[in-house]
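Please open the structure in a viewer and keep the selection panel at hand. The stops below are to be taken in order.

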Amino acid sequence: MYKKGIKVVLFSVFFTIITVLAGCEPLLVLDPKGPQAERQASDILLSIGIMSLIVIAVFSMLVYMLVKYRASKQRPDYEPPHIEGNLWVEVIMVGIPVLIVAFLSYISVQSNYIVEAKPKGYEDTKPLVVYASSSNWKWHFSYPEEGIETVNYLYIPTDRALEFKLYSHGPITSFWIPQLGGQKYAMADMVTTLHLAADVPGEFMGRNANFSGKGFAENTFNVTAMSQDEFDDWVKEVKETAKPITEKKFEELLEPGHLGQQTYTGTHLEFSPPPTGHNHSEESTETPETESHTDSHDGHESAGH
Amino acid sequence: MDFFNRFAVPHPSIAIYASMAAIGLTLIAVIAGLTYFKKWGYLWREWLTTVDHKRIGIMYLLSALLMLFRGGVDAIMMRAQLAVPENTLLDAQHYNEIFTTHGIVMILFMAMPFIMFFMNFVVPLQIGARDVAFPRLNALSFWLFFMGAMLFNISFVVGGSPDAGWTSYFPLAGNEFSESVGTNYYMIAIQIAGIGTLMTGINFITTILKMRAPGMTLMKMPMFTWSALIANVIIVFAFPVLAVLLAMGTLDRQFGTNFFTMDNGGMDMLWANIFWVWGHPEVYILILPAFGIYSEIISTFARRNLYGYTSMVGSMVIISLLSFLVWAHHFFTMGQGALTNSIFSITTMAIAVPTGVKIFNWLLTLRKGKIVFTTPMLYSMLFIPLFTLGGVTGVMLAMSAADYQYHNTMFLVAHFHNVIIPGVVYAMLAGLHYYWPKMFGFMLNERIGKWTAWLMSIGFILAFMPMYISGLDGQARRMYTYSESAGFGPMNMVSFVGAAIMAISFVLIVYNIYYSTRYESRDISNDPWDARTLEWSTHTPVPEYNFAILPDVRSNEALWDAKKNGHVLFKGEYEKIHMPNNSGIPFIMSCIFFVWGFSFIFSLWIPVVVTTLGIFGCMALRSFEQDHGRYISVKEIEETETNLRGA
């Protein structure tokens with residue numbers, strides 16, 4: 001409990017400092033709207049806190065030395081002594097950083113398993129699976145269970161685990177919604193999984209964070225989080241109004257360029273399946289129950305080269 | 001017509017035409033100047049064919065300064081473009097080329113030659129040697145580096161620049177998404193320069209291990225030499241990786257192999273993995289010699305021996321080992337899972353420990369000292385707090401779960417500039433001011449020097465601190481523009497102002513060189529800083545043979561011993577000195593390499609074959625050559641020594 005208390009205090013202190021610095025608008029990363037982003041923000045603030053202690057220590061030592069041992073403050077005949085070193089000083093010099101690094105490593109390892117798993121508090125919900133694939137310079141979002149597909153925008157339900165399956169039709173891109181949680185790469189030869197969740201309804205910025213050529217700067221998408229009911233209504237509406245996605249249409253969409261927001265029924269996964277290369281992780285749509293347990297071993301560890 | 005189209009710039013702009021004109025005019029001016037002043041012979045005899053490590057060092061220095069301005073102009077253009085939202089100063093393509101070349105130029109063609117300059121100029125003097133182990137190889141190293149750099153630089157005006165980022169990740173850098181020859185330039189120019197660097201690595205390991213003065217055991221080497229030794233060991237392990245990587249990339253681009261393609265079994269992330277297996281150690285190749293320079297300067301101007309010599313050496317060895325074990329932290333977000341990320345997160349954070357040891361050792365070196373604020377010392381004292389900031393943000397980035405939020409953002413850009421500028425660039429400038437009198441026989445002006453250091457630091461803080469904030473606000477790196485509503489505007493404007501102030505400080509350095517050349521006194525001693533190591537026991541200017549008599553060393557501060565403890569450094573009589581002959585072959589061979597590289601980039605196979613034969617021809621020529629060097633007679637040494645003492 002005590003540790004948590006410190007964290008909360010640090011969190012609020014640095015949150016205030018940084019928001020004031022940034023002109024009272026909370027910085028996106030430090031304004032989390034979901035459990036994954038929250039964990040990341042608290043890690044960031046905790047590390048800023050500990051690191052400031054180190055910075056203060058170094059700064060004050062430096063100022064002390066420079067003020068006290070300036071040549072102008074000493075007798076002209078003062079001869080600095082020859083000092084080789086001291087075992088105890090060196091033990092402290094190594095020991096304290098080792099303790100700090102060990103503590104941060106402990107936190108870091110814990111967080112790794114948290115952000116790679118189903119979001120905390122949403123373990124019991126059935127995740128919404130979205131295949132997010134990028135092409136130059138667009139995002140294609142396929143909702144296989146709902147049987148719909150969007151381009152450059154994402155509607156998601158709140159209070160439900162989200163499971164993004166990321167891959168690319170071209171260069172490596174990185175799928176990032178700062179307020180919901182950190183990014184992960186989308187690559188042409190494998191599918192990566194990113195677990196997110198949104199606690200509150202709202203509009204969030206999403207983008208490709210990995211440089212992918214000429215149209216990279218505009219490679220963004222809008223994320224709208226809404227209640228499950230509204231989300232269901234939207235799905236129903238799409239099914240009634242949107243046109244189906246055809247192979248020909250999809251080929252057109254893949255052409256390099258920028259597009260506005262578009263909506264289709266059906267998904268391109270049916271005729272253009274995601275990569276099943278050497279590093280491909282299991283299809284989660286078939287075995288959603290086991291997915292959250294195997295996630296942390298995705299990728300290279302489980303790949304049978 | 002198609003043939004000529006390949007050489008045209010695919011995306012010309014006024015800036016590019018202007019640089020074409022500038023390059024042309026400079027070339028004409030140089031040629032005309034050399035002819036008018038009849039300096040061709042001098043240039044050839046004294047510089048192009050030289051095998052003297054000091055001259056090669058100075059040529060490295062000139063190239064580094066030239067490239068510093070080349071990369072600096074890129075930086076200013078980028079900051080100007082981003083200063084306001086939806087700016088149209090540059091378009092996306094031009095911006096992509098600029099940040100790509102800024103990265104390459106600054107890391108490989110500015111920072112690398114700068115440390116090569118220090119290693120070449122300082123190491124042999126500091127270990128009491130007359131030359132490097134392989135003087136002619138050393139000349140070849142320099143000329144290969146130089147030709148690589150020049151080849152890379154003409155990409156802006158012939159055929160098109162690389163535009164896939166300095167990391168050049170595939171498949172973006174593959175033929176499908178980068179059609180122009182730009183990325184070919186990347187592969188070939190870096191390859192040629194990299195071969196030069198690898199040879200330097202071998203050369204200096206041999207020099208340091210085999211050519212130390214009598215009495216200088218490994219643990220009596222000055223700290224800069226130690227740092228150079230370790231950096232060169234890293235070079236020898238890391239640069240072959242780069243060579244193989246670039247060869248694979250070249251094969252993919254020009255011969256249709258599928259190492260990194262999206263289909264036919266290619267793995268795009270393989271490039272990223274191998275790139276960073278070289279790329280991360282590369283960072284330490286730059287920073288360790290910088291640490292060495294700081295150690296020399298801080299102990300000189302604190303008037304004290306370096307605190308914790310042994311732990312300084314130990315920490316560098318540990319850093320060099322760890323530097324090879326952290327590469328995956330450059331792509332925590334690749335989806336390699338929590339276990340792999342955890343391992344690399346811990347190894348990365350571990351580097352903070354030996355680095356911290358060094359910082360604390362420097363602070364404790366100041367303790368009980370008698371600190372004199374010269375320009376080199378001012379840079380070093382500004383380095384400590386600024387670098388500490390960069391170091392701690394490095395620890396923050398090492399926490400992989402949090403890195404999911406920092407990755408590819410301006411936060412990262414802020415971090416690595418915060419490490420490289422105070423860490424490497426400040427060290428280079430501190431060292432430049434420190435060694436200037438030894439090189440040229442006069443000091444750089446102290447007042448202008450201090451102004452520069454302060455101005456640069458103010459500019460630096462303004463330019464890079466806002467990036468931490470805009471990164472946390474969601475600004476990705478490498479975006480050529482952003483919308484007004486994103487809210488990144490004010491921070492980027494501050495950055496631009498900071499960058500402009502930094503630019504002024506770099507111009508001040510040039511002014512300082514000009515001013516000091518004209519007005520500073522030539523009447524300085526051999527040891528103007530009252531320094532502690534052997535390089536300051538030589539005459540100024542340093543004679544060709546460095547030491548008339550090889551010094552006898554008893555501690556890592558040999559000159560200090562001589563000054564304070566009455567130790568006699570130079571014992572014995574003059575003897576004739578064996579020196580290597582100058583040779584034109586390194587320069588000629590590198591010129592052939594240049595043509596080879598250019599032809600390869602444009603897939604002109606006939607010239608490639610011809611020049612390949614030429615390169616092997618040069619090697620064959622060397623292997624049949626009878627050249628045992630020459631001797632400098634005792635009489636000649638006596639004359640030189642008397643003249644220098646009189647001067």
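Over the ring of which residue does the charged end of Lys39(B) sit? Select Lys39(B) and Tyr42(B): in this predicted model, the charged end of the lysine sits over the tyrosine ring, 5.1 Å from the ring centre. Next, select Arg532(B) and Trp560(B); here Arg532(B) lies over the face of Trp560(B), at 3.9 Å from the ring centre.

**Aromatic pairs**

Over all chains, the structure contains 79 aromatic pairs. Select Trp362(B) and Phe383(B): the ring centres are 5.4 Å apart and the planes stand at 75°, so this pair is edge-to-face. The two residues connect distant parts of the chain, with Trp362(B) in helix 12 (residues 352-366) of chain B and Phe383(B) in helix 13 (residues 375-398) of chain B, 21 residues apart. Trp362(B) is buried, at 0% relative accessibility, and Phe383(B) is likewise buried, with a relative accessible area of 0%.

Move to Tyr435(B) and Trp536(B), a stacked pair with 5.5 Å from centre to centre and 10° between the planes. Tyr435(B) belongs to helix 15 (residues 410-440) of chain B, whereas Trp536(B) is in the loop between helix 17 (489-519) and helix 18 (558-564) of chain B, 101 residues apart. Tyr435(B) is buried at 3% relative accessible area, and Trp536(B) is buried at 1%.

For a cluster linked by ring pairs, select residues including Trp44(B), Tyr60(B), Phe109(B) and Phe587(B).

**A nonpolar surface patch**

Select Leu251(B), Phe255(B), Phe259(B) and Trp605(B), which make a nonpolar surface patch of about 350 Å². Phe259(B) is placed in the loop between helix 8 (223-255) and helix 9 (268-301) of chain B; this residue is partly exposed, with a relative accessible area of 32%.

**The strands of chain A**

Turn to strand 2 (residues 138-143) of chain A, where six of the six residues are buried, so the strand is largely enclosed by the rest of the structure. Both of its faces are covered: Lys138(A), His140(A) and Ser142(A) are buried on one side, and Trp139(A), Phe141(A) and Tyr143(A) on the other.

Strand 1 (residues 128-135) of chain A runs antiparallel to strand 2 of chain A and is joined to it by five bridges. Select Ala132(A) to find the residue opposite Phe141(A).

Select Glu149(A), the bridge partner of Ser142(A). Finish at Gly147(A), which takes a positive phi near 70° in the hairpin of strands 2 and 3 of chain A, where four residues lie between the strands.

Conventions: Residues numbered from 1 in each chain as written. Chains lettered and ligands numbered in written order. Predicted model: local features only at pLDDT ≥ 70, side-chain atom pairs only at ≥ 80, totals over all residues. Heavy atoms only, no water. Phe/Tyr/Trp six-rings, centres within 6.5 Å; stacked < 30°, edge-to-face > 60°. Buried < 20%, exposed > 50% of the residue type's maximum accessible area, 1.4 Å probe, protein only. Lys NZ or Arg CZ within 6 Å of the ring centre and 35° of its normal. Patch = residues over 30% accessible without salt bridge, like charges linked within 9 Å, V, L, I, M, F, W, Y side chains within 5 Å. Areas by Shrake-Rupley, 256 points an atom, 1.4 Å probe, with all protein chains shown as cover. Salt bridge = Lys/Arg side-chain N within 4 Å of Asp/Glu carboxyl O. Pairing = 2+ DSSP bridges.
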